[in-house]
Amino acid sequence: MSAPTATADAAPMSRRKTLEALSGLLLVLFVAMLSSTVVSTALPKIIGALNGSQTQYTWVVTATLLTATATTPIWGKLADLFNKKLLIQVAIVVFLAGSVAAGFSHSAGQLIAARAFQGIGVGGLQALVQVAIAAMIPPRERGRYNGYLGGVMALATVGGPLLGGLIVDTSWLGWRWCFFVGVPVAAVALLLLQATLHLPTARRDNVKIDYLGATLIAAGVSLLLIWISFVDSSFAWLSWQTGAMVGGSVLLLALAVLVESRAAEPVVPLEIVRERTTALAILGSLAVGMAMFGGAVFLGQYFQIGRGYSPTEAGLLTIPMMAGVLLSSIVAGRLITSSGKIKPYIVAGSIILVVGFALLGTIDHETSLVLVGAAMFIVGVGVGMTMQNLVLAVQNTVALKDIGAASSSVAFFRSLGGTIGVSVLGAVLARQVTDRITHDLAAAGIPTTGGGGSSTLNLAALPAPVQEIVRAAYGDATGHIFLISAAIAVVGILAALLLKPVTLRSSLDLPDTARSVAVAADAVDGAPAFDEVAVDVAGPGERARR
């Protein structure tokens, strides 16, 4: 194997240059996350305008999550093999193309296809932004910057529904701007990164891409998520379709594991995934993603349908969660940088997340908004203390050359958990709403139609008595799915408790790895200058020691 050669830009960036590059990375991450949340409050009007069905309503969200989840580990591995900056720019272009196509859609099917293509870019940006940050900032210092990262995620997660509500409530804009709004921002981020982002690049002559493993992983995950999306609505849990999809998914993923164990450049290196910290962080991210994404997606529906607020008002009512994420991520990030300890904050955040979801599990269609807001704030605090810090815990344990695969593995399972959560909790909500509406309509002596209660989202077209029944059904059923979210999030507590208590390193790379790379380069090239570059990659602290 030929030794990697470093480029001239391998020296660590100054604080000013780091902040300049970080501004572009955070901007594009904000736009990518916004694309997933901006439609949450606008979907009823979007699907109504395109004459879509309830199944298509779900798939507008699921399509993006599915492709983003399936491609995340592939983007992460590519980041370990090729120029990270170029990959980020490619992901931005893919995202821009998908956004424009979604905005010009003339049917629900076209919108779903465009959102699926957009999700490929979203998956790349979610993985690559964190990889780029890890290549610029040592883990010990990264805690401080995680506050910015958490703030951006909070703003996109909770500000997205508000922006979407404002767009669809503004007559001279229209729903298409839910997809167009991110295009100019992403274009600006593309130009900003071209000028400010300078990352070390390791070029290798023997690069091998595991196309078979990547294909098997994407196919296996996609088939599993498609089954989750349709089970209990299009076919029963115990049916030949379930057997074919689940069995096929298990077979594909088993083959992927076999291929990955033998590949020279595996997409998901098994030795990294098997490492204790990575395995526990993956388990925690799966639980947090399933609970957070699966639960938070339905808050907009709760406020609009269960409580009767407009899309804009529903977005405003989710601000407490954004405040919780922003506050906790900044405070926890600074405390982590100061102490170098990360486990106590992950454990505390996991417990707080469960408490918040348990409180949300008590809500119904008449619960005080003060209580709902307080519970949302607590959930936000838990998310801010856990989500990014689980990634940071993994990044601290791996060498810089594997940072892409390690980071994307955590992001992959978090997105997988979120997709599963949206689908499973959505199915539970639909079943409970349908049963409740059917029961209450019969009790009120009102004949039911064949459409099913769960598909009745246009309340303005319903008689006043039926509107009240539908609102009560949605408002009361939402509390049950948050209880399920709380139960799922308990797994995150167990994973956090089992994490090793470590002190975050102050160098970009593992010291032993940096030294071995330098020695290998000297042996091959006889070039002592590269030793200095390798020390630079290891970080200022390592350079001073050497």
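Let's start where Leu299, Tyr302 and Phe303 in H13 meet Leu369, Val372 and Met376 in H17. Contact here means heavy atoms within 4.5 Å. By class, this contact of H13 with H17 has six nonpolar, no polar and no charged residues. For the classes, Ala, Val, Leu, Ile, Met, Phe, Trp, Tyr, Cys and Pro count as nonpolar, Asp, Glu, Lys and Arg as charged, and the others, Gly among them, as polar.

Before going on, a word on the source. This is a predicted model, in which local features need pLDDT of at least 70 and side-chain atom pairs count only at pLDDT 80 or more, while totals for chains, interfaces and linings use all residues. Residues are numbered from 1 along each chain as its sequence is written, and side-chain values use heavy atoms, with hydrogens and water left out.

Now the geometry. Two packed helices are described by the angle between their axes and the distance between the axes. Axes are lines fitted to C-alpha atoms, for helices over the stretch in contact, and angles run from 0 to 180 degrees between N-to-C directions. The axes of H13 and H17, the latter being residues 369-395, come within 13 Å and cross at roughly 170 degrees. H13 and H17 are therefore roughly antiparallel to each other; angles under 35 degrees count as roughly parallel, over 145 as roughly antiparallel, 65 to 115 as roughly perpendicular and the rest as oblique.

H13, residues 299-306, also packs with H19, residues 464-498, at an angle of about 155 degrees with the axes 8 Å apart. That makes H13 roughly antiparallel to H19. On the H13 side the contact is made by Leu299, Gln301, Tyr302, Gln304, Ile305 and Gly306, and on the H19 side by Val470, Arg471, Tyr474, Gly475, Thr478 and Phe482. Sorted by class, the contact of H13 with H19 has six nonpolar, five polar and one charged residues.

Overall, the protein chain has 22 helices and two strands. These are DSSP runs numbered from the N terminus: helices are H or I with at least four residues, strands E with at least two. Of the 546 residues of the chain, 56% count as buried. Buried means under 20% relative accessible area, exposed over 50%, and partly exposed in between, with a 1.4 Å probe and protein chains only.

Staying in H19, we find alanine 473. Alanine 473 counts as buried because its relative accessibility is 1%. Not counting residues up to four places away in sequence, alanine 473 touches Val433, Arg436 and Ile437.

Next, is serine 105 buried or exposed? Serine 105 is buried, with a relative accessible area of 1%, and sits in the loop between helix H4 (84-103) and helix H5 (108-136). A polar atom of the serine 105 side chain lies 3.1 Å from the backbone oxygen of alanine 101, and that side chain also reaches the backbone nitrogen of leucine 111 at 3.4 Å. Leaving aside neighbours within four places in sequence, serine 105 has contacts including Leu50, Trp175 and Arg176.

Threonine 64 counts as buried at 1% relative accessibility. What lies 3.1 Å from a polar atom of the side chain of threonine 64? The backbone oxygen of arginine 115 does.

Terms used. Polar contact = N/O pair within 3.5 Å; in protein donor to acceptor, adjacent residues only side chain to side chain.
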